[in-house]
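Q: I'd like a close look at one part of this model, with whatever packs around it. Take me through it in one go, and give me the cut-offs as you use them.

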Amino acid sequence: MGKSRKEVFFYKVLGTYSEYLYGLYSVWSINRMLAKMMQSCNVALSLTDIIIKAVKQNLQNDGGVNMGYMIRKVQAGDEAHLAYIQTESWKAAFRDILPEEILQKNTEINRATAMYQRLLDEHTGNGYILEVNGTPHCIAWWDKARDNDMLNYAELICIHSLQDNWGKGYGTKMMERVLGDIKAAGYAKVMLWVFTGNDRARKFYKARGFVTHGKTKPCFETQEICYERNL
């Protein structure tokens, strides 16, 4: 039996409405899917932030082992490492500052080794070695200040590193460790001497909070200037 015009019109309207409802459902489904995807992305980003923060905290706590470097206190048998890093650092950093004869004399490896051997044997001061991938790269040494007018200060006697890793942040890490230990030892101030012509080192110290009041003294036929900072 054929459909009347009213029935045909009704079914057409019903079909159009069904397509409309299906379209709405599709849009709703897509929006819901997108919302879930966004939620998953937000969760992933949150987890990423948590992981990054945890890694950063771990690096702060473990002395940077995960970054390929480690800072440790010196020990018996380190005299050769200490002497090598100091003499090589002097050759690179002071060749345009000190007279050649004085530089050669003070970079004799046997002389430097004997000095550090004595310091280690007598347990004088506080020494550190920073190793990069297991190889000694940077050294530092501090003790109570030797200047009679700064007896309540600690003195950073030296901080030296091999030239091949200059500018990579290892000196900063060493400085942070040393200053932290000086403060923990009860000192409120620290001072150091640096050659007036050593612009690179002076910029390094200034960037880390050291200031100078213009106090100088002669040293190795040139001048040293005093820097200090509060802890």
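A: Let's start with strands E5 and E7 (residues 222–230): they run antiparallel and are joined by 7 bridges. Across that pairing, Leu 192 sits opposite Tyr 227 in E7. Strands of a sheet pair through backbone hydrogen bonds, in either a parallel or an antiparallel way. Two strands count as paired here if DSSP finds at least two bridges between them, and helices (H or I, at least four residues) and strands (E, at least two) are DSSP runs numbered from the N terminus.

Some housekeeping: this is a predicted model, so local features need pLDDT of at least 70 and side-chain atom pairs count only at pLDDT 80 or more, while totals for chains, interfaces and linings use all residues. Residues are numbered from 1 along each chain as its sequence is written, and side-chain values use heavy atoms, leaving out hydrogens and water.

Zooming out, E5 and E7 belong to an open sheet of 7 strands with mixed pairing, in the order E1-E2-E3-E4-E5-E7-E6. Strand E1 (69–73) and strand E6 (216–219) are at the edges with a single partner strand each, so one side of each has no neighbour in the sheet. From one strand to the next, the twist averages 25° (axes are lines fitted to C-alpha atoms, for helices over the stretch in contact, and angles between N-to-C directions run from 0 to 180 degrees).

Now the helices on the sheet. Helix H2 (residues 79–93) packs there and touches strand E2 (126–132), strand E3 (135–144) and strand E4 (154–161), its direction making about 95° with that of E3. H6 also packs on the sheet, touching E4, E5 and E7, and its direction makes about 165° with that of E5. Contact means heavy atoms within 4.5 Å.

What about the core? The largest nonpolar core has 25 residues, and those with the most contacts inside it are Leu 130, Leu 156, Met 174, Val 178, Tyr 205 and Phe 210. Such a core is a set of buried Ala, Val, Leu, Ile, Met, Phe, Trp, Tyr and Cys residues joined through side-chain atoms within 4.5 Å; buried means under 20% relative accessible area, exposed over 50%, and partly exposed in between (1.4 Å probe, protein chains only). At least two residues of this core come from each of E1, E2, E3, E4, helix H5 (170–184), E5, H6 and E7. H5 gives the largest share, 6 residues. Setting aside neighbours within four places in sequence, Tyr 205 is in contact with Ile 159, Met 175, Leu 192, Val 194 and Phe 210. Apart from this core lies another, of 13 residues, including Ile 85, Tyr 116, Leu 120 and Leu 162.

Rings of Phe, Tyr and Trp (its six-membered ring) pair if their centres lie within 6.5 Å, with planes under 30 degrees apart called stacked, over 60 edge-to-face and the rest tilted. That rule gives 8 aromatic pairs. In one of them, the rings of Trp 90 and Phe 220 have centres 6.0 Å apart and planes at 75°, so the pair is edge-to-face. Trp 90 lies in helix H2 and Phe 220 in the loop between E6 and E7, so this pair ties together parts 130 residues apart in sequence. Trp 90 is buried at 11% relative accessible area, whereas Phe 220 is partly exposed at 32%. The rings of Phe 94 and Phe 195 are also edge-to-face, because their centres are 5.0 Å apart and their planes at 90°. Phe 94 is buried at 8%, and Phe 195 is buried at 4%. Trp 90, Phe 94, Phe 195 and Phe 220 form one aromatic cluster.

Asn 198 is buried at 9% relative accessibility, and it touches Phe 94 and Ile 97, not counting residues up to four places away in sequence.

One last stop is the loop between E6 and E7, where Glu 221 is found. Glu 221 has a positive phi of about 60° although it is not a glycine. Most residues other than glycine have a negative phi. Glu 221 is exposed, at 71% relative accessible area.
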